[in-house]
Amino acid sequence: MADDIYVLIEHLQGNVTEMSYILLAAGRELAGGTHGELVGLLLGHNVNGLASNIAVNRILMIDHPALAEYTPDAYARAIETLLEQRAPRVVLLGETSIGADVAGGLSARLDIPHISLCRSLRVENDKLHFTSQICGGKILADGELPGPTCLVTLVPGAYKAEAGQGTSAPPIEAVKAPALDGLRVSLQGYLEPNTGDVDITREPILIAVGRGLQQEMNLELTQEIAEVLGGELCASRPVVDQGWLSTSRLVGKSGKHVKPKLYLALGISGAPEHTEGIGDPELFLAINTDSQAPIFEVAHYGAAVDLLDLVPVLTEKIKQVKGG
Amino acid sequence: MDIAVLLKLVPDLVEELEVDSTGKSLDTTFMRRIINEPDEHALEQALLIKEGSGGSVSVIGLDVADMDDVLFTAAAKGADRQIKLTGEFEHEPNNHDLARLFVSVLKGNPPDLILTGVQAHNDLDGAVGPLVAEYLGLPYVGYIAGVSVENGGITVFKEYTGGLVGELHVSLPAVLGIQSAEKPPRYVAVSKVRQAMKTTSLDERAALELDLSEAAAIERMFVPENGERAKMLEGDVEQVADQIVGLLKNTGVL
Ligand SMILES: Cc1cc2nc3c(=O)[nH]c(=O)nc-3n(C[C@H](O)[C@H](O)[C@H](O)COP(=O)(O)OP(=O)(O)OC[C@H]3O[C@@H](n4cnc5c(N)ncnc54)[C@H](O)[C@@H]3O)c2cc1C
Ligand SMILES: Nc1ncnc2c1ncn2[C@@H]1O[C@H](COP(=O)(O)O)[C@@H](O)[C@H]1O
């Protein structure tokens with residue numbers, strides 16, 4: 001219906017993703033404003049069990065062996081007709097590896113608009129508005145959500161996953177899957193997260209290094225401070241892409257979600273794709289020569305100094321405290 | 001395998017960004033643009049595939065300031081063809097129109113594989129990659145960090161949250177959204193780029209006439225107000241270090 005809010009429930013290897021609950025929390029708020037229903041789209045094979053704590057008015061379930069695990073081709077084809085027939089006001093998807101593929105494909109197939117990098121949604125005077133964050137979080141953009149149906153990919157941050165969790169299983173309406181033959185993308189398997197030498201999700205003290213490190217040889221400095229603090233190094237994407245540290249140490253959207261006691265960010269700009277992986281540290285310190293860097297929007301304390309100057313001095317002082 | 005790579009210039013985020021007088025778009029007067037980082041990886045991935053299993057690499061960009069440099073740099077790195085689409089691009093077209101534009105060029109000489117960056121940070125109407133794929137009737141897979149070529153298709157490594165990686169088989173032709181190449185993008189010396197400028201000619205094509213006026217849904221663009229900002233530690237490096245030691249003690253880390 002024209003006021004309904006649909007949410008694509010993401011699941012991988014039999015688990016509903018955290019992002020799905022964040023989408024449900026956002027969808028609930030929005031449905032309150034449109035006076036429509038909040039509807040979960042659950043695609044899979046024998047996945048009734050996954051619906052048990054999904055906080056929606058009802059679930060539309062498409063069951064097919066080809067949907068057992070996510071693949072872009074099958075998902076877009078499975079959802080296409082359904083959206084055309086039911087024309088909800090908004091389809092919420094994650095700004096994730098799953099949601100971005102599916103939204104992009106559907107936007108072209110159905111010729112409907114797609115608003116991406118969305119941070120928050122609200123209803124004002126019966127109109128739906130979005131705020132998206134662009135340019136690494138340095139710029140925000142507001143507008144009215146185009147209609148009649150709009151695809152929205154949401155970034156985490158403004159909504160809490162707990163608000164998307166229910167205590168009882170919602171009613172499920174089974175929707176017949178379209179023919180899903182001739183699929184051009186097939187899953188061969190998963191490579192389990194590389195925990196390598198360390199599991200940073202369990203480390204209470206993390207020293208995070210970014211491109212501000214400038215050269216691989218400067219890792220030594222940060223390695224030393226990590227050692228004297230009894231912590232581990234983790235990194236932003238460019239550091240891992242350069243091969244300076246292994247992917248097991250990547251924090252963020254496509255890396256690990258960490259929840260340390262101390263997060264010391266060195267030379268990291270604070271792009272949303274990085275900061276979404278940092279869960280509420282007790283002490284969050286950021287060192288960045290650019291006093292306007294977005295990392296200072298999320299850190300508790302910051303200093304606009306050169307990390308290469310600061311780190312050796314700080315390491316010495318910590319050694320003194322530890323020694324004395 | 002013939003590969004096409006779409007290259008985009010985006011605002012350099014190291015610089016301060018400002019909103020123009022319309023209040024709806026970025027002020028481009030002094031804006032410094034750099035190649036979208038994932039596009040650099042897309043080009044690298046294309047070159048790696050060509051080196052491994054033959055074929056050609058064509059790069060495609062719009063005629064905007066600094067694009068020539070980007071195209072010549074790609075040539076110096078090993079791209080075979082550099083296509084520049086000429087037209088009026090002062091205001092960036094929306095992604096649906098852009099995708100149709102790229103499709104009009106790609107159709108003439110259909111590649112086996114089209115690589116785009118997974119995303120560019122400066123627009124909010126989705127990504128061009130999946131749109132190009134659908135308009136060409138091809139499959140799309142994004143968030144890719146690695147591609148291997150085998151008979152009749154490719155295997156791609158797709159990144160999910162938490163470090164989980166999916167291994168997917170994709171039939172060709174196809175479009176991919178590249179996050180990272182298997183290796184860091186190669187470095188190329190300025191002298192080689194200069195040489196490429198002398199020896200390469202850009203393949204300039206007038207962009208298909210499209211109604212590129214359709215405005216995106218943006219009503220207001222703004223720099224976020226400083227909300228809950230970090231408390232800044234002042235002083236020289238010694239003083240900053242002392243304050244940090246104090247904070248570490250207070251939290252029980254020291
Ligand atoms: C789909 C997608 C998924 C992504 N997933 C992730 C992810 O999981 N994790 C991730 O980290 N990124 C991810 N990214 C990339 C992300 O958008 C940013 O590009 C990246 O986080 C930037 O890393 P950085 O802060 O190290 O580098 P930059 O943004 O280049 O910042 C470097 C910073 O160092 C500062 N600096 C420079 N020199 C010094 C010095 N001497 N001392 C102190 N400071 C200095 C600079 O002022 C600058 O702020 C993803 C992007 C996309 C599109
Ligand atoms: N104006 C453009 N010129 C060339 N390539 C583009 C352009 N816009 C998007 N692309 C391609 O599509 C990818 C995703 O960008 P975007 O659609 O802006 O998120 C980019 O990384 C490029 O590969």
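The following exercises, with worked solutions, concern a predicted model with chains A and B and two ligands.

**Exercise 1.** Determine how many residues of chain A are in contact with how many of chain B, and what area is buried between them.

Solution. 
- Step 1. Listing the residues in contact gives 85 from chain A and 78 from chain B.
- Step 2. The size of an interface is often given as the accessible area lost when the parts come together.
- Step 3. For chain A and chain B the buried area is about 6900 Å². Carbon and sulfur atoms give 62% of that area.

**Exercise 2.** Count the salt bridges and polar contacts across the interface of chain A and chain B, and describe the side of chain A that touches chain B.

Solution. 
- Step 1. Side chains of opposite charge can pair when their charged atoms come close.
- Step 2. The rule finds nine salt bridges across the interface of chain A and chain B.
- Step 3. A salt bridge joins the side chains of B:Glu159 and A:Arg237, with N to O at 2.8 Å. The cut-off is 4 Å, so the pair qualifies.
- Step 4. On the side of chain A that touches chain B, helix 8 (residues 307-323) of chain A gives the most, with eight residues.
- Step 5. By class, the residues on that side of chain A are 39 nonpolar, 24 polar and 22 charged.

**Exercise 3.** Find which strand of chain B pairs with strand 9 of chain A, and in which sense.

Solution. 
- Step 1. Strand 9 (residues 139-144) of chain A pairs with strand 12 (residues 218-222) of chain B.
- Step 2. The sense is antiparallel, and the pairing runs over four bridges.
- Step 3. A:Asp142 has B:Arg220, in strand 12 of chain B, as its bridge partner.

**Exercise 4.** Work out how many residues surround ligand 1, and why its site is shared between chains.

Solution. 
- Step 1. Ligand 1 is surrounded by 28 residues. The closest are A:Arg211, A:Ser236, A:Ser269, A:Glu273 and A:Asn288.
- Step 2. The site is shared because residues from chains A and B surround ligand 1.
- Step 3. At A:Ser236, an N or O atom of the side chain is 2.5 Å from an oxygen atom of ligand 1.
- Step 4. A nitrogen atom of ligand 1 is 3.1 Å from an N or O atom in the side chain of A:Gln214.
- Step 5. The backbone also takes part: a polar backbone atom of A:Ser254 is 2.8 Å from an oxygen atom of ligand 1.

**Exercise 5.** Identify the residues closest to ligand 2 and give the distances from its oxygen atoms to B:Asn36, B:Asp39 and B:Ala120.

Solution. 
- Step 1. Ligand 2 has 17 residues around it, the closest being B:Leu6, B:Lys8, B:Asp39, B:Asp123 and B:Val128.
- Step 2. An N or O atom in the side chain of B:Asp39 is 2.3 Å from an oxygen atom of ligand 2.
- Step 3. For the side chain of B:Asn36, the corresponding distance to an oxygen atom of ligand 2 is 3.0 Å.
- Step 4. At B:Ala120, a polar backbone atom is 2.9 Å from an oxygen atom of ligand 2.

Methods:
Residues are numbered from 1 along each chain as its sequence is written. Chains are lettered from A and ligands numbered from 1 in the order in which they are written. This is a predicted model: local features need pLDDT of at least 70, side-chain atom pairs count only at pLDDT 80 or more; totals for chains, interfaces and linings use all residues. Side-chain values use heavy atoms; hydrogens and water are left out. Contact means heavy atoms within 4.5 Å. Buried area is the accessible area (1.4 Å probe) that two parts lose on being put together, summed over both. A polar contact is a pair of N or O atoms within 3.5 Å; within protein, one must be able to donate a hydrogen and the other to accept it, and residues adjacent in sequence count only if both atoms are side-chain atoms. Helices (H or I, at least four residues) and strands (E, at least two) are DSSP runs, numbered from the N terminus. Ala, Val, Leu, Ile, Met, Phe, Trp, Tyr, Cys and Pro count as nonpolar, Asp, Glu, Lys and Arg as charged, and the others, Gly among them, as polar. Two strands pair if DSSP finds at least two bridges between them. A residue is near a molecule or strand if one of its heavy atoms lies within 4 Å of it.
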